[in-house]
Structures are given as structure tokens and as C-alpha cells.
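These are my notebook entries on a structure I looked up. I wrote down each point as I came to it.

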Amino acid sequence: MFHRIRKMIRYAFRPAARALLSRDLCFLSDGTGGKLIEFDPSSGSADLSRQASLYVHWPYCLRRCTYCNFNKYIPRENRDDLMTECLQRETETLLQLSQVSSITSVFFGGGTPSLAQPSTIAAVLNTVSRQVKLSEKAEVTLEVNPTPVGMSKLEDFYHAGVNRFSIGVQSLQDEDLKLLGRDHSAHQALQTIEEARRLCPGRVSVDVMFGRPKQTVESWESELSELLKVCDDHVSLYQLTLERGTQLFKQVQRGEVTVPADDVTAEMYQCARRTLQQHGFQQYEVSNFARHSAVSHHNMSYWKGRQYIGVGPGAHGRFALLEEGGVTREARTQTLEPDVWMCEVQQRGHGTRRRIKLSHLELLEEVLVMGMRMTEGIHHKHWELFCPELGLYEIFGTSIEVQEFLQSGKLILDTRGLRCSWEGLALLDSMLPALLVELERQISPRLQKDYAADGKTEKTSIM
Amino acid sequence: MLPVVRRCGETSLLKWISQSKIYKRTVQNHTTSHILMRQRRMKRFPVFSSSKKTIITRADKDTTDLSEFTTDRIRNFCIIAHIDHGKSTLADRLLEMTGAIAKSDRNKQVLDKLQVERDRGITVKAQTASLFYNHQGQQYLLNLIDTPGHVDFNYEVSRSISACQGVLLIVDANQGVQAQTVANFYLAFEAELTVIPVINKIDLKNADPERVGSQIEKLFDIPREECIKISAKLGTNVEKVLEAVVDRIPPPVARTDDPFKALVFDSSFNHYRGVIANIAVFGGQVRKGDRIVSAHLGKTYEVNELGLLRPEEHQTQGLSAGQVGYIIAGMKDVKEAQIGDTLYHREQPVEALPGFKPARAMVFAGMYPMDQSEYQGLRSAIERLTLNDSSVSVQRDSSIALGAGWRLGFLGLLHMEVFNQRLEQEYNASVIVTAPTVPYKAILSSAKLIKEHGSEEITIVNPVQFPDRSVVSEYLEPVVLGTIITPDTYTGKIISLCLSRRAVQKNMVYIDDQRVMMKYLFPLNEIVVDFYDLLKSLSSGYASFDYENAGYQSADLIKLDILLNGLPVEELTTIAHKDRAYTTGKAMCERLQDAIPRQMFEIAVQAAIGSKVIARETIKAYRKNVLAKCYGGDISRKMKLLKKQAEGKKKMRLIGRVEVPKDAFINVLKRDK
């Protein structure tokens with residue numbers, strides 16, 4: 001029975017993916033592209049506005065994790081079908097608004113997107129490939145809660161078009177999972193990893209959390225080595241942040257729960273970085289590690305300042321509009337609350353709540369802030385793509401503070417570009433304000449000149 | 001008998017005032033305060049153009065014939081009391097009984113017009129009310145001059161007293177004589193006024209008027225039989241108070257047929273009507289249209305309006321010897337109605353009255369606008385407020401960390417708090433108030449410096465001006481004589497506290513079988529910050545404290561520098577006594593350690609005397625400061641935070657490489673609330 005369904009799905013959707021190829025050809029014959037778009041898209045400035053990644057938000061969870069302040073909802077009734085329909089419709093709307101001709105990656109996040117029906121995932125992907133090019137090789141990631149139900153659906157998700165799983169393991173200690181309010185056990189997590197690796201070998205990521213209540217550096221080290229035995233080629237490490245309004249925050253406030261001190265979590269971080277390196281994992285971003293080049297292309301495109309379209313309640317996007325000639329990028333936010341969002345999509349045909357035009361400086365600020373999170377930092381060529389008028393040397397070369405960062409070995413500015421040292425990466429947020437001040441100081445006078453020349457104003461609109 | 005002490009100082013106030021008692025009162029008066037507040041505002045800022053109406057009403061009453069009140073039928077008196085012993089309640093009752101105000105439950109603190117007075121249950125600004133009282137078939141004019149209960153407002157008290165011949169000294173039948181009662185008594189005693197002791201709150205369950213009577217007898221040498229036992233709240237025996245005022249207080253010595261001579265004992269400014277001066281007529285009479293001269297300035301004015309205060313202004317045709325009232329004579333600036341000035345008729349010059357010694361500031365604090373853009377607004381608010389409170393000294397000052405501001409001098413801590421509260425409440429200004437400091441002195445030894453300053457002795461208000469030991473033969477610090485009255489169970493603890501504050505005991509007596517009065521000589525600096533709070537908390541609120549200035553004494557003072565990674569932070573320089581240098585330095589280092597955010601390098605926070613470091617705290621370097629997650633949806637939030645930090649960075653004060661946020665300075669410099 002199950003088998004037959006899977007088969008049906010495979011039958012129904014794989015061709016859809018394949019159908020892309022024909023679009024692909026059309027695209028090529030347009031003469032606008034000229035080369036086949038790969039995972040790591042070429043960095044020509046024309047491609048910047050023609051390509052985007054797609055984030056799809058599934059807002060529902062079965063329950064609230066004690067530390068989570070994300071935009072998620074415990075549904076009172078099942079409105080999955082309606083949500084699916086709306087996600088499709090909004091995808092269509094936003095793709096049309098943008099001047100994107102190719103989606104380079106798709107990420108289903110949440111919420112708990114593994115609660116969605118595989119058919120929903122397939123339907124959204126189908127919508128995408130009906131409109132723009134979505135290469136069969138494009139990375140399609142789904143966040144998975146490693147519950148038995150989640151695990152049982154992995155194969156169907158795979159057949160629906162998912163080719164990468166990101167598994168929210170969080171901890172291998174059952175007691176801690178309980179405290180965090182997770183609805184799975186360590187054993188179930190291990191099983192889920194195994195199943196995911198079977199389906200997508202080399203394309204499974206695990207999320208783990210450190211800085212948890214009662215955790216010590218030693219317990220973290222042993223937990224990590226246990227994880228390294230079973231994990232695939234990608235690991236994301238997140239330090240638990242106490243977010244205002246969460247249950248855990250209140251527990252800590254009331255003194256019922258204590259979390260490790262700053263110095264301890266700093267040690268946990270450094271220790272994890274060393275351990276992962278020893279096991280062949282390369283850190284490529286503050287919290288992300290990959291072996292055998294299994295980096296997350298979707299996330300890389302955020303850090304490289306590429307366009308992305310966000311679909312679903314509360315989802316954010318950054319892309320230029322087709323009708324406005326694709327000059328300025330907009331920061332877009334979708335309506336937060338799922339029922340309201342769905343209502344808007346149905347009635348108005350879109351769920352965008354806020355649009356803010358990003359100024360040239362704001363775009364550069366994002367490129368800087370996001371780019372510096374990568375171990376490779378910002379290459380000169382990459383910077384030039386966004387800021388042809390002023391190079392990294394010119395912007396940061398004269399600042400006394402930046403000189404101090406360089407001299408103390410926290411920052412590196414060389415022929416490759418600007419990046420953090422191993423030590424500096426952990427301190428990035430202390431350096432960014434200084435870098436931003438310097439960037440503004442160098443860019444603003446130029447902008448004012450331009451502004452005076454063409455008299456353009458920045459627009460903000462609330463929809 | 002205790003020595004009669006010359007008083008011109010202040011009393012430490014303190015937080016207990018603003019805590020238990022005051023709040024209790026605030027709650028009770030909540031509704032009333034609001035209603036009366038509005039009336040007060042109307043009066044002070046008559047934006048509702050009510051002045052015309054008022055004039056008509058006044059015209060009706062213009063017929064009041066005051067000529068029947070010859071001086072022998074006039075009594076001028078004031079009420080003095082420790083805080084919350086019932087002064088205002090008694091005033092309310094007296095006003096009701098003499099028909100000055102209608103009898104109502106709403107009459108609470110009728111004379112306390114400022115919101116801060118109602119909030120705190122204190123009187124700040126003296127008010128006056130003329131009462132008509134019929135006693136044994138004779139009509140009397142009783143002038144009640146309300147005084148601030150607190151000796152911080154001593155200058156107000158002495159002004160009021162100078163217009164009186166007698167005082168009602170109120171003592172709570174439950175709490176007994178308190179430190180402020182003693183201070184107030186001596187003030188009246190020194191001015192040779194008749195003192196009528198009144199024991200209030202006899203209706204309370206724990207009232208012990210007998211015990212209080214014997215305290216009064218022992219301390220003030222007044223026979224206990226002279227005490228009038230009342231309940232101002234219920235009105236019990238209040239009639240006897242009025243009788244005593246007539247019988248015991250002598251009438252003013254003033255003759256109607258003398259040339260006109262009046263003392264200005266208070267003044268206020270009204271944007272529409274100009275200066276309103278409160279006067280006590282010492283001789284002769286003055287009428288509307290008269291031409292009068294201010295002895296101080298020699299300027300001539302025409303009397304436009306005058307009358308009694310009942311307590312609202314009540315126009316009359318004239319005022320004569322022994323009477324107390326208000327006068328409006330075309331003065332445009334409060335400086336024209338100098339408090340203590342003498343007024344006389346242009347044609348009949350008289351010898352000026354002795355006047356008052358100007359109030360001397362004893363507690364200094366920096367005041368800065370929260371944001372420099374509010375500087376102008378704050379400036380005009382301070383100007384307006386000082387118009388009616390000439391005792392505040394104002395000096396422009398600027399701090400690298402806090403920007404342009406002022407160094408204000410106050411008579412005492414309560415005075416400072418009240419000023420600050422009025423700024424906030426009446427002018428809606430938000431200010432940073434730095435921890436209070438006291439004026440030190442130095443006797444210079446360097447001939448060059450003496451020439452430069454024009455004198456051997458200099459006063460140091462700002463630590464930056466502190467002269468080096470090498471050019472100074474002696475440093476001096478202000479001292480005060482403090483009075484503490486406490487149940488004897490707490491004496492041990494209180495003595496330890498006083499010793500820890502470098503205090504020297506001068507006297508200790510039992511005022512009854514359970515209560516002790518102690519006198520200590522304190523360096524003023526030791527009590528300006530938290531002494532009162534500690535005293536109150538270790539005595540469960542039972543001990544009371546008051547102080548009076550006692551001059552200066554030689555002191556081993558040092559300049560304490562605060563260093564960040566070896567570099568001095570000018571705005572944190574402090575003057576301290578050598579014995580207190582370590583505790584002061586340590587406390588400042590600790591506060592800075594908490595207030596300066598971690599940075600990428602270690603920061604040494606040190607307190608130093610010259611080149612010698614005496615205290616140190618360390619702010620450890622960040623080892624990790626990077627947000628774990630930053631994906632598409634996190635960018636906006638992250639950028640907003642970073643932009644805010646980048647903006648804040650531009651406003652940071654840089655000490656070497658150390659970035660010090662303004663908040664850190666505020667946290668270290670501001671007065672704790």
C-alpha cells in the first residue's frame with residue numbers, strides 16, 4: 001500500500017522535475033544566459049537579478065519547544081490543503097514579480113516542515129518549475145524533526161523532490177531533549193539520520209545545540225564524538241540563545257534552570273571547532289561545517305548576498321522587481337500569522353506585508369555582514385560585484401580600528417579579500433559595528449553625490 | 001540645658017521620606033491631589049483666562065474692613081513639626097474652623113500646593129493664610145504662616161519665623177520628639193518666639209501623650225502642663241489651639257501711625273501679573289495706588305493690588321501694621337522683590353530691616369539633559385524653577401561624557417530631590433543627576449596661587465579643580481552636627497554606623513526611659529549619599545535624624561582617579577577622605593565593571609591616588625561574540641541590531657581603545673534612587 005503511494009508520487013512528480021529541462025533549453029535559446037547554471041552559480045552581475053533561492057515556510061508545529069521564538073503555530077484544525085494551495089499561489093505571485101528566471105535552491109523550513117504532506121512539497125516544487133528554471137540538480141532541503149512519523153515520511157519527501165535533509169537532532173541526551181521540549185528521543189534521531197543517509201547519501205545535515213542547561217565542556221565533547229560516528233557530511237552547531245518570551249527564558253530568569261556561563265560556551269564552541277576539524281569537517285561559516293564539500297548551497301547564497309524569495313507566513317525575501325527594471329533590491333516580509341496570511345493570499349493574491357527598498361549602502365551592509373560569516377570571507381571579486389566603485393582596501397585600509405583588528409590577527413585583508421581569522425570568527429559581532437561605521441563613512445559621501453545628481457528618493461511602503 | 005545652636009543649614013532627608021510615609025499619604029490623597037493640582041496650575045499659569053472672573057469676585061470682597069484689626073487683635077504664628085506629625089492636617093482644621101475654607105473631607109494639605117508637597121507629604125514653599133477668629137466677643141486676625149517642616153528649607157522657615165511672634169510645635173503622640181522637632185524648636189527658640197507645644201494624634205491606639213509631654217519638658221524646658229493634646233484629624237481640642245494662639249502669643253509690636261515699613265518674606269512670579277510679594281507690615285499702612293520704594297534697589301513702584309491670603313488671594317484696600325498679605329506693584333523680575341528686602345513709602349524713607357542671610361549651598365550635583373537636544377528646554381525649566389527658589393545656585397558645567405549641563409548647589413539633599421522632582425513633574429524634563437558632592441576648601445601655600453585666586457582659602461566644588469597637595473597647606477571639609485533620636489535598642493548599631501562614617505560623638509542623653517538622643521559631628525560628605533537609608537533600615541525606621549552645619553574641619557583629602565587600561569577618566573575623578581579612598585575607589589571600579597560592556601580585549605578598571613593603584617577590577621575580553629544563526633529571515637533583525645550598535649559606537653566615549661557608553665557614566669555618576 002505504502003509502496004504504491006510512493007510509486008505514484010514518484011510517477012507524478014519526477015517527470016515534473018524533468019520537464020524543467022525543456023524550459024531550460026528555452027531559457028538557453030533566449031540567449032540571455034549562455035551557460036548552464038550549476039549549484040554554485042557563476043557570479044556575473046547579470047545573474048544576480050536573474051537568479052534566486054527560494055525559502056518556503058511551513059508554520060506549524062505539534063508543540064512548542066521551550067527555547068524557540070520562531071514564527072510557528074500549533075494548529076487548532078488541519079488546514080494543510082489550504083496552506084498548500086496558498087504556498088503555491090504565493091510562490092507563483094512572487095516569482096512573477098521578480099525577474100528571476102532560475103531558482104538555484106529551495107529550502108523548506110519552519111515550523112516543522114516534516115509535518116507537511118510530501119504532496120505539498122511536490123506541489124510547491126511543481127509550481128516553481130512550471131514558471132522558472134529549476135534544475136534537477138538544484139539543492140532542495142527539508143528540515144526534519146527526527147520523530148518516528150517524520151522518519152517514515154522521508155522516502156516520500158525524497159520522491160517529492162527533496163534531495164537534502166537537515167535533521168534537528170539538537171542533543172543526544174534524552175533528558176536534555178525533554179528540557180528543550182523536543183518531541184523525539186536520541187534513539188529516534190539516530191534512526192532518522194540513518195534513514196536520511198540511505199536516501200540522500202552525502203546530503204544529510206544534523207543540527208546540534210550547545211550551551212544547554214547543565215551542559216559541561218566534557219559532556220559536550222563526548223556527545224559530539226558520539227554524533228560524529230553517525231552523522232553524514234554536514235553539521236550545524238548552534239549555541240542555545242535565550243530568547244525573551246520563551247519558556248526556557250522564564251525558567252532561567254526564575255533561577256529554576258541555569259545555562260553555562262559565556263566563557264564556558266566560548267570554550268564549547270572552540271572545542272567543537274577543533275574536534276570537527278580533526279574529523280575532516282571544514283568550517284565554512286560561523287555555525288556550519290562540511291566534509292567532502294557538502295556545503296549547503298542554499299545557505300551559502302544568503303551569505304553571498306544573492307537574491308532570495310521567501311514564501312509563507314513571516315518569510316523574508318530580498319529581490320529586485322521586474323517592473324522596476326531590477327535596479328534596486330527590496331526587503332520583503334510576508335504576513336506573520338498563518339490564518340491571516342492565507343486569507344490575504346486568497347483574497348488579494350499575495351501575502352506580502354512589508355516592502356522596503358534597500359539603498360545601495362544597505363545592500364552593501366548586508367553583503368558585508370553576511371559575507372564575513374563565511375570562513376572564506378569576502379573576495380575582492382565578490383565585493384566588486386556589488387560595489388564596483390570602491391574596493392575593500394579603499395574602504396577598510398585606512399581605519400585605525402580595522403588596523404587594530406588586522407594587527408591583533410583577528411581580521412585578514414589580503415589579495416584574496418577580507419575575512420576573519422580562526423580566532424576572529426568567534427568575535428565577529430564585536431568587529432562588525434566598526435566595519436559598518438567605516439563602510440558608511442566611505443560610501444555615504446559618494447551616495448550623496450549620486451543622490452544630488454539623480455534626485456532619487458528611497459521609498460518605503462507598507463502593503 | 002542644651003546649648004542653643006546657630007542654625008543655617010539643612011537636614012538630611014532621605015529616602016524613607018519618599019518611601020513608607022509619603023507614599024501612604026499619596027495614596028490617601030490621590031483623587032484630591034489631582035483636582036487641586038489643576039487649580040494650582042490655573043493659578044500659576046492662568047491659561048484659561050480665568051483672571052477676569054477672579055477679579056470680579058475679588059471686587060465683591062473688596063469691602064473687607066481691616067481697620068478694626070489694630071495690632072493688639074492680630075497674632076502672627078507658624079506651625080513647625082517633624083515630618084508627618086500632622087502639621088498640614090492641623091492647618092486644614094484651623095482654616096475650616098475659622099471659615100477660610102469650607103469644611104470638607106477633601107481638605108487635605110490645603111496649603112501644600114505643589115505636587116511634590118502632596119506626593120511627599122512635606123511643605124516646600126511657605127504659604128500664608130489669614131484667619132478671622134472670634135474669641136470672647138472679640139474678632140481677631142490670625143496670620144498663619146505655613147513653614148516647610150524640613151530644615152533643608154530652613155531659609156524658608158527663618159523667613160516665615162521673622163514675620164511671627166509665636167509657633168505651634170507639633171509632636172506626634174505616638175512617635176514622640178524626633179530629630180527634626182529638636183531642630184525646629186531651636187530655630188524658634190533662637191528667634192525668641194513663644195512656643196506652644198501641641199501633642200497631636202492622641203486618637204491613635206498607641207498614643208502616649210504623657211510620655212511625649214515629659215520628653216518636651218525634659219528637652220525644651222517647657223512645663224508639660226502647657227502642652228495642648230489634640231487630634232487634628234478628628235478636630236479634638238483644636239479650638240484650644242486657637243485660644244492659646246490668642247492668649248499666649250504676643251501681638252506684633254507695630255504701630256499704625258508709624259511710617260509704612262514692610263518685610264518681603266517671600267515672592268513668586270506670575271507671567272501675567274508679574275511679581276507677587278508676600279509682606280509682613282511692621283509699621284504704618286499701605287494702600288492701593290501708593291508709591292513705594294524697595295530699600296534694596298531704591299526703585300519706586302506703584303501698588304496695583306494688595307490683600308490678604310486666606311489662603312487664596314483676597315483683595316483689600318490696604319494693609320496695616322501687624323498684618324500679613326501680598327502686594328503686586330509692577331515688579332517684573334523676582335530679583336526686584338528680594339527676599340528680606342524692606343518696602344517703604346516714597347515720601348517717608350525708613351531704616352531697612354536686617355533682612356536675611358543668603359542661603360548657602362551645601363550639596364552639589366551635576367544636572368545634564370538625558371539628550372543634548374533637550375539642553376535648551378532643560379535650561380529654561382531650570383531658569384523658571386530658580387525664579388521661585390533663589391536658594392539654588394546655578395553654574396554652567398560640562399562633562400565630556402554627559403555633555404553640557406549645570407552644577408547646581410542645594411541647601412540639602414531633600415532640597416535637591418524636591419528640585420529634581422519639580423523639574424520632572426512641572427516642566428516634564430528628564431535629567432541625569434550625578435551623585436551629590438560637598439564643597440571642600442583648601443588653604444593654599446603657594447604664593448603664586450594665592451595671588452591667582454585672590455585669597456589663601458579656596459572652595460572646591462568640582463574635583464577637577466582640586467589643587468595638588470604640594471601647593472596646599474591644609475584641606476578642609478564641611479562638617480555638620482547631627483542629631484539622632486532612637487529607641488535605645490538600636491543605639492549599638494547606630495553607634496557603629498556613625499563610627500564607620502568618621503563621626504565623633506558629642507553628646508548622648510535619654511529623653512525618656514526608652515529613647516536616646518545622640519549628637520555626632522559628621523563630615524557632611526559621609527552622610528550625603530546613603531547614611532539616612534542605612535540609619536532607617538537598621539533601626540526598622542524608628543530612628544530620626546537631622547543635622548545642622550558646623551563649619552569646616554581639617555581633613556586628609558585626596559584626589560581619586562579612575563583609570564581604564566591606565567588612562568584616567570576625567571569625569572570620574574573624585575575627592576575623598578584618605579580613609580575612605582579604598583571603599584570609594586573599589587565601589588566605583590565595581591560599578592564600572594558592571595556598566596562597561598565586554599570588549600575584544602581585557603580592560604583594567606583601576607582606582608588610583610596619584611600613581612598608586614588602590615583598587616582594581618577586570619573586565620574580561622570577549623571570547624565569543626557571534627550570533628549562532630543567521631539565515632534569510634534573521635538578516636533584518638540582525639542588521640537592525642548591528643546598525644544600532646554602529647550608531648552607538650559613534651557616540652561612545654573613547655578612553656584609549658576602551659569604548660565607554662554614556663550609560664556607563666550615568667550608572668557610575670548618577671545618584672541611586
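**Entry 1: chain B as a whole**

What percentage of the 673 residues of chain B count as buried? I worked from a predicted model, and I keep this in mind throughout. In chain B, 58% of the residues count as buried. I then looked up its secondary structure and found 18 helices and 33 strands in chain B. For contacts in chain B between residues at least 6 apart in sequence, I noted that 72% join residues at least 24 apart.

**Entry 2: the contact between the chains**

I turned next to where chain A meets chain B. I recorded 45 residues from chain A and 29 residues from chain B in the contact. Together the two chains bury about 3400 Å² between them, with 57% of this on carbon and sulfur atoms. On the chain A side, A:Tyr238, A:Asp263 and A:Asp429 supply 16% of the area buried against chain B, more than any other three residues.

Chain A and chain B have nine salt bridges between them. One of them joins A:Asp429 to B:Lys638, and the closest N and O atoms are 2.6 Å apart.

Which elements of chain A each supply at least two residues of the side that touches chain B? Among them I found strand S6 (234–239), helix H10 (262–278) and helix H18 (428–454). H18(A) gives the largest share of that side, ten residues. By type, the residues on the side of chain A that touches chain B divide into 22 nonpolar, ten polar and 13 charged.

**Entry 3: backbone angles**

Most residues other than glycine have a negative phi, and most peptide bonds are trans. I therefore noted the departures from this general rule.

The peptide bond from A:Gly110 to A:Gly111 is cis, with omega near 25 degrees. A:Gly111 is in the loop between strand S2 (102–110) and helix H4 (118–131) of chain A.

A:His292 is not a glycine, yet its phi is positive, about 50 degrees. I located A:His292 in the loop between strand S8 (288–290) and helix H11 (297–303) of chain A.

B:Ser540 also has a positive phi, near 50 degrees. B:Ser540 lies in the loop between helix H15 (531–538) and strand S26 (544–554) of chain B.

Are these two residues buried or exposed? A:His292 is exposed, with a relative accessible area of 65%, and B:Ser540 is exposed, with a relative accessible area of 51%.

Technical notes. Residues are numbered from 1 along each chain as its sequence is written. Chains are lettered from A and ligands numbered from 1 in the order in which they are written. This is a predicted model: local features need pLDDT of at least 70, side-chain atom pairs count only at pLDDT 80 or more; totals for chains, interfaces and linings use all residues. Side-chain values use heavy atoms; hydrogens and water are left out. Helices (H or I, at least four residues) and strands (E, at least two) are DSSP runs, numbered from the N terminus. Buried means under 20% relative accessible area, exposed over 50%, partly exposed in between (1.4 Å probe, protein chains only). Contact means heavy atoms within 4.5 Å. Buried area is the accessible area (1.4 Å probe) that two parts lose on being put together, summed over both. A salt bridge is a side-chain nitrogen of Lys or Arg within 4 Å of a carboxyl oxygen of Asp or Glu. Ala, Val, Leu, Ile, Met, Phe, Trp, Tyr, Cys and Pro count as nonpolar, Asp, Glu, Lys and Arg as charged, and the others, Gly among them, as polar.
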